[in-house]
Amino acid sequence: MEDGYSFPPAILAHSPAACLPPTAARNSLAASAPSGRTGSLRRLAKLSHDRIPSFSSSAEQQPAEPSPAATTSAVAAAPSFRPNSLPHVSPPLIRPLVSNQVPNSSPSLPARRIDPTPRRLDSSPRPCLNTSLDRFSSDIKNEEVFRYDWPDKRATSRNHVGKWLSGGKDSSFVCGGWLLFLPLKNQTVTPAIMGIDCLVLGAGQEVGKSCVVVTINGKRIMFDCGMHMGHHDDKRYPDFALIDGPLDCVIITHFHLDHIGALPYFTKEYSYNGPIYMTYPTKALAPLMLEDFMKVTVGRGGEEKFTTDDISECMKKVTLVDLKQTIQVDKDLQIRAYYAGHVLGAAMFYAKVGDGSMLYTGDYNMTPDRHLGAAQIDRLELDLVISESTYATTVRDSRYAREREFLQAVHECVEGGGKVLVPTFALGRAQELFILLDDYWERMNLKVPIYFSSGLTKQANIYYKTFMSWTNQKIKDTYAMHNAFNFKHVVSSDRSVINTVGPCVLFATSGMLSGGLSLEAFKKWAPFKENLVTLPGYCVAGTIGHKLVAGKRTSIYVDSDSQIDVRCNIHQLAFSAHTDSKGIMNLLKFLSPKHVMLVHGERPGMFRLKDKIKSEMGIECDVPANGETVKIPCATLHVKAQTSDAFVKSCQSSNFRLSRCSTSSGLVVASTDPCSPLLVSDDRVGEAVLLLDQSKAKAMHQDELQLLMSVEEKP
Amino acid sequence: MEQQVRSVCELSLDAEKPLCLQFMASMRSLIVNPHTSNSTISSTLEILIRSLQHAGDSPLRHHALKLLDDIASLRPSLSTAVFDGLRSSFYSSLSAGSSTFASEILATLASLSDKHGNPEIELDDRIFVSLCFLPSVTGRLQLLTNAERLGIGASVLFTVFFGLTKDPYPYVRKAALDGLAGLSRCNEFEDVGLIEGCFRRAVELLRDAEDCVRSAAVRVVIEWGTMLFAAHKEKDTMGNVVFIQLCCVVRDMSVEVRVEAFKALGKVTESMVSEEILLQSLSKITGALEKKIAQAKSSEGKKENRSQAQLTSRVLQMFASNGAGAFLHGLEDEFHEVVKSACCSLRKLVHLSAEFAAQASNLLINMLNDHTVAVRLEALETLHYMAGHGLVNVQKEQMHMFLGTLADKSDIIRYAARRTFRSVKLSEVDCFRSSVSSLLKNLEVHPQDEADTFSVLFHLGRNHGNFASQVINDVCDQLEPVFEGTLSLDSANTAAYLVLSISAPLSKDHRGKHIPPHLYSFAVTHIGRISLGLGDIMDQTTLLTYLTEKSISASSVAECIPEEHPRSPVVHDIPSQDDNKSNTTSWQLVPCESSGNIAATIVSYNQNDDTDILKYLNLILGRVRDIWLFGKSSCNSEALRTLSACKEEVSMYRPNSPESSGACAFTLHYVQVLAKGNVSCWGTTLTTRLSATISQVESLLQEGSMEPSSFVTQVKQTLNQAGILSTAPLFFKKLADTFSLGQFTLRSKITHVSAELVIPGYDSHHPLPFIPGLPVAIPVDITLHNISSEGRLWLSLTSDDGQLTQVLFLDPNLQVVSVGAKMKKKISMPAPFYGPPKVLNSARREYIPRGLSDNIAKLAIRRARLQPRETRNCPSTELGRCLGLLFKNWALQECWYYWI
């Protein structure tokens, strides 16, 4: 059984007519199993080790321990691009080869083992590359782009680096293999490796004024430009002065003020004239939000730093982005938007410059709600993910249960002749609750009126009706019969509604009972026990909403000299458009980036989440404060290399090998069974060698290299 | 035209030119034309096969292959020739080194073999493996897809599939995984290491970049995971690991993968997953699990606690952060396909744990609030399924949501909700009350749902007899008809409550008893609408009988029957096992065994099962015996009433099969005889009757070579002495007292042998005209039931004065008019009656119509009977007890035979 599933790859692959019977094949491989292919690799490693006694001076300083894991362990490959020539095949993903020599018996999660943790650029020395390619130029035939992961410290011994993979113009070959630096001349080369620098201007260890300036391989992007609603002074805006160079573009994820509030100010004050990218609904709804905010501030006697003209000027610079549309900002910088849920038009943004790629999530939701879907993204190769972490430690259970409680409370109240006050924000949650109640009213055949009072809400409803493609699948499915935003029972109303007789439901701003119609209605309705007030899950300290949430109060000072008795029922809404901690973990696990940065959250929670990410996924995670810069290395480089015929040929056919592993790889559970699990590996991964130089590279079969080495040795 | 094209093709081949597209098009026109002669097609076939072998690397080979496939599909007779031709081309292309084309031919061969049942392609393992290792990706894919049809050994297939899961091309990986999933069914793998390796590889591929690979990997994970669970030493751990791995995939970004993951979760069997893990898949809150993880971590080091720490902390940790709340995600998914798949697998998993079922039903009830009809419907369907298996117990706080569906705007949802309500269990009387009032409210808004609502109320009442009687007693006053000058026509509510009161006594728990009997008489006035609603439970006649019986007997019978004996038959609801396929419910009537009175004669439904009928009749026979004893204790009228009720009950059966009809007829007759005996057993002609009966019994016993029972002997002796003793009646009374009716049990099939004789147009008022001295032709219609052709029949005719009796042999074979099903024969014939009386009785003259000649007289037949002469053919059982009974009718003579 031990050798029952092995084939001599060479024979089977290259000479079909002379193929061996399976038994013969088994026997033949059984003899060569550990010493055959792996043996040749060992020889190769040894050869190159011995062959090049003096490596570059900087390399000498590195810990040059012979690393058995690195010399014999496998290399993994991942797709670099999708070939156009063969649409029915997509690029390969060769998962890590779990070889029997891997001394990795410590239990760890698959995610960790699949992608070796990259090291910070500033903490590990850069590997040096020497050239040796000149004499191979004669047999250069083909040119391919190879991708390889930047070595970690241990793998950066003198003559090899762990991992590379490739695609190709003709993607009939795809493989991973050894990356070999052959320093034939005593040259020290430092490749121009760029990294990702993240300057956090806002939402660092706090919620509000989201703003991160990211520099990827020289390109500078500002993600979001929000204001802090809790401050009324200069702290309200991000400190744009910290930006140390011109921006290539600004990307806005969604229309909430803490993500877009500072944009008119920024474009005006800093004379930003570059492109601003956002989605269609964001562009439609953002001016509404900004103007409403401006009105409120001016109404309160505050001084606003931008005007309506500034808003419209700023909006003129906006370039619209559709979902999954790749936009080439300039010849190096690519961006792409992905659906994020959260609010209408919210998007996550992927940005790629050369070898560096990252994702900025903005606010997102991993579970669908009444009107929006769950975030949706492709499996991308990412160096960095900047994720929000509003609910870094919260886990939310069933949404249906929360809805049931809300509807039950409202239904019971109106059935008993009471009035329901739903203080809410004009956009987002209001529409979700409208759908919820309108649908319920329709189903239950209820006749009690549902009012909303804000003009902003009215305008927003029109946009919601228009942007159906941004809603969730259920709404899209039923759209042909009924537009869910065509509310049948929800009607707009003015202030007089407070004094009407009989049961009703009223949606009014502000959301936390800090003013507006909601506060007026509250004063009027709170003293009656048949009425109900539903409060949003989170209320800022100091608001009436906060007082009500804080505890059971019988009387409340609504202002300094008036006090009201609160006899009505209070129901707390537990709806949120942000993903919970499980959602964050799910997204990160799905993407498996090389690095994570958390923003937009409460400090303690963020640190707990950071620890969790590190321990469960083995991914480096940062939680920078405002004004801090985090430097992250680009863990992947792309190399254009010539390929030899033997290499191409060896890559084209399967060359798998089955083996038993004596020690558990720790994938599932440690096996104590002497009959250890069967493993499969593909030797194509191990047979290729990529010779690298500062400017040129060459991919070849290891046999060719051996041949080359022996030629070298003879003189 | 045909010839032209053919010759052109042949010419082109003769010249050994490669085929060109134009010729191919012509060939295709020949092939698809149904009028093309077979010879042309055969030669085309030949040309194509040759072209395959000579075409070299021409890209047109592919077209030729397609044409061959067309020939095989359009001319099935040629499929074998195509198959053979292709097989030879396969080997020639193999030797020519054209591996891609060889795999293409193989794919065509495989599809031919599927379509036309051609023999399997027995490909050599070596060739297969070498082809798999060639560079052509398309070829590899085709080989893998068709691998199972190529007759390759399982171990070779496994090696190739397993190895090619490493292929860089996603569709090859997918095909390899599909192959592995297929291999799991062949049960040839016992090596734990091999199974575990395959499982692990599939788990790795759950994180593949391609959706199709991930969904194929899910299938392999469940199939090989199940195998691993069966084979592995640490069963508990492995089962949980499989479950957890699948739970971690349900949040995949691809809808296809999510659907597949839930499908796979539905395949998890009982012993595979522990209850706490199962429960955790319904909730994201992992408090309990975290404790368990801490426990497992602490006991990891200790060897003695290994069994307790079977689930390693790592696996649990993975589950806690990834898999917990898997079903929650599925049910809340925005894609209907995923919700449906999650519901389907929930239906399977609810059987694994009661606690899981309870929590799942909570979740599903919350789902009833979704704004899409499809999701609500799916949730209701699942709840209906669970309720059918007694797994839904609705709590008070959930009632609001649950009842909401009853008032839903969509009639599909309302219907589905009512369907669920039929079998749901309610924990409190308040829930019951609110359900009833919701149903009534719904009735007001949607009067079109009335019939179905009544049916639901009936089922609700039956499921909660106690609650139903409580509710009825509360509203009893409102149900009284008000006749104060106005007659309320809007009585849907009243009718609904009456339905509830009808259902309560039939409750499964026998607890709905205290229903005021007068309500049943009210119900009679609503019989039309109520029976419409209960159409699937009982028909109108039955309902009426039931209502009448309940309203009359409730007072009188209640006195003599103790309360602890439920008197009414119970209607058992047997929900169909596979709810997806059939939504109908079959009903069966099972009488209460200790019932003293079969008053409530609910008609039987689906009495297809003869054994059930036999059981039922035996119960009646048993009851008849009890009544005999009851009758002896001088409560004669009561006993008679009960006997006649029994008689009615038996007569209401409408047996479907001849066997059960025989049994019914026998029981009916048995009961009738007993009833008669009870009334007139002390008549004056007792001695004569008894003697006749005894002699008949004796003859029957002789036929069956049986010994007479002691009672028969005793009766015989008493009869002999009766002439001598004047005190004979006293003896007989004594004798009757000593007689006890034994329990008569029907065990096997009974054939009811009977014949009916009718003289058409004849009765005592219309005698037959005849001319004295000449024979009279009497038309007779005879229907024979279960009388074989070998049996001989005699027709005996006796004239009115009793002086003339003539016997006529009937040959059933000669005179049969029609043979119906189930041994039923009809004979119509004129029976000659010779020698009519010379002088007619003067008293009869008046019957002769005026104007007729004096010598035309009328014949009145006093007795016409059919006499069987051959009874030896009757099979007799070990009991051998034959009971022959005869009874008379003026124009109809029945002849009874039973053999048991």
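The model is predicted, so to speak plainly about what counts: local features need pLDDT of at least 70, side-chain atom pairs count only at pLDDT 80 or more, and totals for chains, interfaces and linings use all residues. Residues are numbered from 1 along each chain as its sequence is written, chains are lettered from A and ligands numbered from 1 in the order in which they are written, and side-chain values use heavy atoms, with hydrogens and water left out.

**Chain A overall**

Chain A has 21 helices and 30 strands. Helices (H or I, at least four residues) and strands (E, at least two) are DSSP runs, numbered from the N terminus. Of its 715 residues, 62% count as buried, where buried means under 20% relative accessible area, exposed over 50%, and partly exposed in between, using a 1.4 Å probe and protein chains only. Take the contacts in chain A (heavy atoms within 4.5 Å) between residues at least 6 apart in sequence: 73% of them join residues at least 24 apart.

**The parallel sheet**

One open sheet in chain A has six strands in the order β17-β16-β18-β15-β19-β22, with parallel pairing. Two strands pair if DSSP finds at least two bridges between them. At the edges are β17 (490-492) and β22 (569-572) of chain A, each pairing on one side only. From one strand to the next, the twist averages 25 degrees. Angles here run from 0 to 180 degrees between N-to-C directions, and axes are lines fitted to C-alpha atoms, for helices over the stretch in contact.

Zooming in, β19 (residues 532-535) of chain A runs parallel to β22(A), and four bridges join them. Val533(A) has Ile570(A) as its bridge partner in β22(A). Helix α15 (residues 516-525) of chain A packs on this sheet, touching β15 (419-423), β18 (504-508) and β19 of chain A, and its direction makes about 150 degrees with that of β15(A).

**The mixed sheet**

The other open sheet has seven strands, in the order β10-β11-β12-β13-β14-β23-β24 (chain A), and its pairing is mixed. Its edges are β10 (326-328) and β24 (620-622) of chain A; each has a single partner strand, so one side of each is left without a neighbour in the sheet. The twist averages 20 degrees from one strand to the next.

Within it, β11 (residues 333-339) and β12 (residues 347-353) of chain A pair in the antiparallel sense over seven bridges. Helix α17 (residues 581-591) of chain A lies across β12, β13 (356-360), β14 (384-389) and β23 (595-601) of chain A, at about 170 degrees to β14(A). Helix α18 (residues 603-617) of chain A also packs on the sheet, where it touches β14, β23 and β24 of chain A and makes about 160 degrees with the direction of β23(A).

**Rings and charges**

Over all chains there are 25 aromatic pairs. Rings of Phe, Tyr and Trp (its six-membered ring) pair if their centres lie within 6.5 Å; planes under 30 degrees apart count as stacked, over 60 as edge-to-face and the rest as tilted. Two of these pairs:

| Pair | Type | Centre to centre | Angle between planes |
|---|---|---|---|
| Phe485(A) and Phe487(A) | edge-to-face | 6.2 Å | 75 degrees |
| Phe158(B) and Phe162(B) | stacked | 5.3 Å | 15 degrees |

Phe485(A) counts as buried because its relative accessibility is 1%, and Phe487(A) is buried at 15%. Tyr237(A), Phe240(A), Tyr265(A), Phe266(A), Tyr270(A) and Tyr272(A) form one aromatic cluster.

There are charges over rings, too: the charged end of Arg396(A) sits over the ring of Tyr391(A), 4.8 Å from its centre. A charge sits over a ring if NZ of Lys or CZ of Arg is within 6 Å of the ring centre and within 35 degrees of the ring normal.

**Helix α9 in chain B**

Phe158(B) and Phe162(B) are four residues apart in α9 (residues 154-164) of chain B, so about one helical turn separates them. Phe158(B) is buried at 0% relative accessibility, and Phe162(B) is buried with a relative accessible area of 0%. The helix α9(B) is mostly covered, with ten of its eleven residues buried.

The axes of α7 (residues 125-132) of chain B and α9(B) come within 11 Å and cross at roughly 5 degrees. The two helices are therefore roughly parallel (angles under 35 degrees; over 145 is roughly antiparallel, 65 to 115 roughly perpendicular, and the rest oblique). Asp125(B), Phe128(B), Val129(B) and Cys132(B) of α7(B) make the contact with Val156(B), Leu157(B) and Val160(B) of α9(B).
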